[in-house]
Amino acid sequence: MPNPKKSDEQEYESILKKTGLPVYRKPEWRNVNFGKNYRADFTVTGENILISRPSGYATLHDANQSFNLGYEVIRQCISDGAPYIIIEDYSNLSGVSQDARKFFINDLKYRKNVLALIFCNTSAMFNLSIKLGTKIYSIKTNIRIAKDLSEAILLAGNIQSKKKLLPKNHGDLLNKNLAHKITHQKEWSLELDEYSMRFELINDDILHPVPSGFLKVKHIDPIFQLQKKVFAEMNLKDGEYYLLSDLKALKGASLKARLLLEKALGKWHREHPLPMLIFYNANWISRAAINIARAVASYNVRIADNLNSAIKLIAEDKSRHLQPDHSGTCDTQHKSKDRNQKYVDELISILAGINWEEQDSEAITKKINPSHPFRPVAEAVSLIKMDIDQLLQERDRSEKALLESRKKYKNILENIEEGYYEIDLSGSLTFFNNSICKILGYPAAKLQKMNFREYCDENYIDSIFKTFNQVYRTGQSADGINWKLLQEGGAERFIETSISAIQDDNENIIGFKGIARDITPRIQAEKEKEKLESYLRHAQKMEAIGTLAGGVAHDLNNILSGLVSYPDLLLMKLPPDSPLKKPIQTIQKSGKKAAAIVQDLLTLARRGLPDLSILNLNALIREHLNSPEYKTLLNHHPLIDVVPRLDRSLLNMSASGVHISKTIMNLLTNAAEAMPDGGTIIIATKNQYIDTPLPGYERIKAGKYVTLRIEDTGTGMTLEDKNRIFEPFYTKKKMGKSGSGLGMAMAWGVVHDHNGYIKINSTPGKGSAISIYFPAVNSDISTDAPYARHDLFNGRKETILVVDDIQEQRQLAAQILTQLGYTTNTVSSGEEAVEYIKNTPTDMLILDMIMNPGMDGLDTYKAIIAINPGQKAIIATGYSTSDRIKQAQSLGAGACLKKPYLIETLAQIVRKELDK
């Protein structure tokens, strides 16, 4: 992109200076880039001559941007509708595109008020194209060609003279009286919100501020700071400089800004005296404001039409040609007085007819002739009216905005979920929204002036008061404060709140405010989570202990078989009067007690499913109350009284009678031992429909339940006891005096194996109540009759294959079956059993369910019925019934035989299966 040479720039400045015309230039008009290869430069000289100096090659886009800037220069410097002359200096223009040339021609056709268009520094070819284009495109604008810029400016002056755009005594364009230079620096500009200011220096002693936009109070200080900077940098002398301001681009000023500006100018004059302040290009509003201000100003304030007029006023002031006229006679004075009185009467008449309700402030000035001597007074009154209207409008807007703000504020407060509150220093509510009413559960009328102590949980009052006191002492807000409240009905609510201080105009704390949100669901969820975590930990602990107990029980069952089953065989062979009979019976009794403990371990381990049948809970309770175990309990605790309260219409349930009976016995034993000084135990049953969760359970299955409740008047339980009561081996009893600590753990396992629920209510010193809920059924009670004693020994030489991975178990079962009259064979694995059945038919299988390693009972039975469909079999196990046992039974296997083997039980089950 070609850049103007320095010599060209100097020559350009020299030409402008020689003309003597005022030169008006802004930094933003100088050498502006519009593309990679094009720039433009604009200058206004005289009052209506626009000089355009393009450089480089112009495209359509470049030309469009350049023309827009040219229009902006015209708008700022030339009066609206005034004719003007354009000088195009093409000394640095290298070329123009075809579409850019067409754009220029079209723009020229529609331009208004262009007195002449003068081209200079053009080539011969370009001059020819101008002449041809003028005729071809019928351009009516006066287009002229000059040799250089000096000739172009002289030509423009001649055109102005012929059109009488210059005063008759103007002379030529080199009139030195109008000559002035303008100095400007980038640092002398100020860009503020909706307002800008640019300072220039004219003829070395005229400070020339050019404002633009709307003046506000916040703009005053930056303006005078910059003015002080320019004043100091240009070494202006107090009393020997002039202040001259162009108000053409000033859109207006607020009333407060005008008043503050007057004070700031007065202060400036006291610090830096100025002989004259001149405003020009002012509209009627600005003129009125100036006329009002200059009446009280301590310096000379004048108003001029334009820059040249203003400079003339300064020149006249310098030469002191303005002298007061003291000539005249008394007659002249009287005529002048009468004339002035007439003007006064006219003005009073106009002022009396003012309609103050009219919105048009210019209505007053429209009623008085512009040449009237008191026209400035009318303008001043118009300005005052406009200020009053503005103040009233601002007041109305403020009141409306305040009303809308209050409505919006109230609407926001009433619709947010969080509660907003304000309280005084005594802690009484003074303001709150609807959410606070919902949180506290009180109506608004009752909450007003209610003190926080009235709805705060008593355990939180001290801590909340301390927080209020801390905020009062430090002034620092407090956040995340948890607060427990009591609603009007007594329900508990938890809130999380902030607390901040409320201050008056003197920054004294007069109360507190804050935002409160209801966190009750979160607190409840956390408590429920803690319960579930505790339940999970208990379940995991039970599972770990159950795994251990199951393994121990399995091994003990194998060991106890010898202590339980062999005594039966020995007793069958001994004569009735044998001295060995009693010791052997004692051994067998001990083995059975040990086997019962093993069954408790299996229940604790929850290994498999209990054997369920339809029964009635009342019958089990009555059976236990008539049992030897119950009589033993009464003998140990003679001061207790057991009161049954059994519902006669109690529904049946599907349960394991052995497990339920053992649970009843354990609960009664615990209740009795909780009353060392005696008391009452109530054992009650009833039907109950449940559809809401019970304590300790997240959800329950809604329906009918059979309820067992055992209530005592004993010592009760602490919170720690309640939390650990179902832990295996946890007991408050003395070692060796009572049970092993498995009773409640076994009860927990039994209840959950029966899909039931258990609930404990207990208070230290006031006793305990344990309620158990079993699902009810509508089925009838099972009526299978037991085998008679004489049916035990009825083997008919049927062949029975015993399949067990433990040798002692195989041998024991074989001996018992042989004693009962069966033909017996044994194998040690499922694989051997399959091979045996392939070659040797057998009447019955006794099939151990768990065999390691290799096939278990279910897989073995599946393989055998594939060879021999309908093969009879019974399942032997050291555990409770499991899913795999159930599957084997669904395929055709018979009853489940529990270890250790009892001859009576074994004989009954085998005979029953063979007789099917």
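Start by selecting β19 (419-424), α13 (434-440) and β21 (478-486): each supplies at least two residues to the lining of the largest cavity. Helices here are DSSP runs of H or I with at least four residues, strands are E runs of at least two, and both are numbered from the N terminus. Bear in mind that this is a predicted model, where local features need pLDDT of at least 70, side-chain atom pairs count only at pLDDT 80 or more, and totals for chains, interfaces and linings use all residues. Residues are numbered from 1 along each chain as its sequence is written, and side-chain values use heavy atoms, leaving out hydrogens and water.

Now color α13, which gives the most to this lining, with 3 residues. A cavity is a set of points on a 1 Å grid over the protein atoms alone where a 1.4 Å probe fits but cannot get out, and lining residues have an atom within 4 Å of a point. The space inside is about 100 Å³, counted as what is filled by probe spheres set on the points, with points joined across faces, edges and corners.

Next stop: helix α26 (residues 857-867) and helix α27 (residues 883-890). Their axes come within 9 Å and cross at roughly 15 degrees, with axes being lines fitted to C-alpha atoms over the stretch in contact and angles running from 0 to 180 degrees between N-to-C directions. That makes α26 roughly parallel to α27, a label for angles under 35 degrees. For the contact (heavy atoms within 4.5 Å), select L858, D859, Y861 and K862 of α26 with R884, Q887 and A888 of α27.

Note on methods: Parallel < 35°, antiparallel > 145°, perpendicular 65-115°, else oblique. 1 Å grid on protein atoms, 1.4 Å probe; cavity = no way out; pocket = protein on both sides within 12 Å on 5 of 7 lines; lining within 4 Å.
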